[in-house]
Amino acid sequence: NQWPPMALGKFEKDNVIYFLSMGVSIRPMPWVSYLYNDNAPAYRRMEIALAVSKDDYTEEEITRMAEGISGMVDIPWRHISWLGEGHTIGSGKLPAPFESIVLSAALYNGESITLPEMYGDKVNLFWTSPITLSEREFAHRRPNGGYELLEKMIEGDVTHIVRKRDAIV
């Protein structure tokens, strides 16, 4: 009984558990048309994904991370906001030392995934990557800091697959 209607799919391949939101992109996110005007069709729809290595995390930790993602997908409508590349979101469902996630399509390094358009709009697939307090603070210190954090993560070989790691900043 929520809008947009949504589900969280679970898949497994090569010892990695994947979660993918489904249905979120049916409704365009608030504010995007205002912020992006004529370019809004490229940004106003999204789905969120999570990929977690079973070699690094227990089934219980993976389930808690998925619960956290499930609770994030309706943020744009609950808070009349939007989610995009480099945005950070706090979560109490992450294993230490992580306390937030950063959204990114740029961290993805797997086989090409193309989501179908929704009502003529591109659907963005944002991968969730857990970040530490110091990484979140780094991202929030300056305009576009989320992009700078993602650049450092990519330089540090952090990909869309969540593995145990040390802070990069």
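Start by selecting tryptophan 31, which you will find in the loop between β2 and α1 (32-36). Helices here are DSSP runs of H or I with at least four residues, strands are runs of E with at least two, and both are numbered from the N terminus. This is a predicted model, in which local features need pLDDT of at least 70, side-chain atom pairs count only at pLDDT 80 or more, and totals for chains, interfaces and linings use all residues. Residues are numbered from 1 along each chain as its sequence is written, and side-chain values use heavy atoms, with hydrogens and water left out.

Stay on tryptophan 31 for a moment. Its phi is positive, about 75°, although the residue is not a glycine. Most residues other than glycine have a negative phi, and most peptide bonds are trans. Is tryptophan 31 buried or exposed, or partly exposed? At 44% relative accessibility, tryptophan 31 counts as partly exposed; buried means under 20% relative accessible area, exposed means over 50%, and partly exposed is in between (1.4 Å probe, protein chains only).

Now select residues 7-13, strand β1, together with β2. The two strands run antiparallel and are joined by seven bridges; strands pair if DSSP finds at least two bridges between them. Lysine 13 is opposite valine 16 of β2. Two residues separate β1 and β2 in this hairpin, and aspartate 14 in the turn has a positive phi of about 50°.

Look for phenylalanine 19, which faces leucine 50 in β3.

**The rings**

How many aromatic pairs does a search of the whole structure find? The search finds five. Rings of Phe, Tyr and Trp (its six-membered ring) pair if their centres lie within 6.5 Å; planes under 30 degrees apart count as stacked, over 60 as edge-to-face and the rest as tilted. Select tyrosine 18 and tryptophan 127: the ring centres are 6.3 Å apart and the planes are at 75°, so this pair is edge-to-face. Tyrosine 18 lies in strand β2 (residues 16-22) and tryptophan 127 in strand β6 (residues 124-132), so the pair ties together parts that are 109 residues apart in sequence. Tryptophan 127 is buried, at a relative accessible area of 5%.

Tyrosine 108 sits in the loop between β5 (98-104) and β6, 19 residues from tryptophan 127. Ring pairs link Tyr18, Tyr108 and Trp127 into a cluster.

For a charge over a ring, select arginine 142 and phenylalanine 138: the charged end of arginine 142 sits over the ring, 4.6 Å from its centre. The rule is that NZ of Lys or CZ of Arg is within 6 Å of the ring centre and within 35 degrees of the ring normal.

**A helix and what follows**

Select helix α5, residues 145-155, and colour its buried residues: Gly145, Gly146, Leu149, Leu150 and Met153. Seen down the axis of α5, the buried residues fall within an arc of 145°, so they line one face of the helix; the arc is that of the directions from the helix axis to the C-beta atoms.

Finish at aspartate 157, in the loop between α5 and β7 (161-162). Aspartate 157 takes a positive phi of about 65°, and at 67% relative accessibility it counts as exposed.
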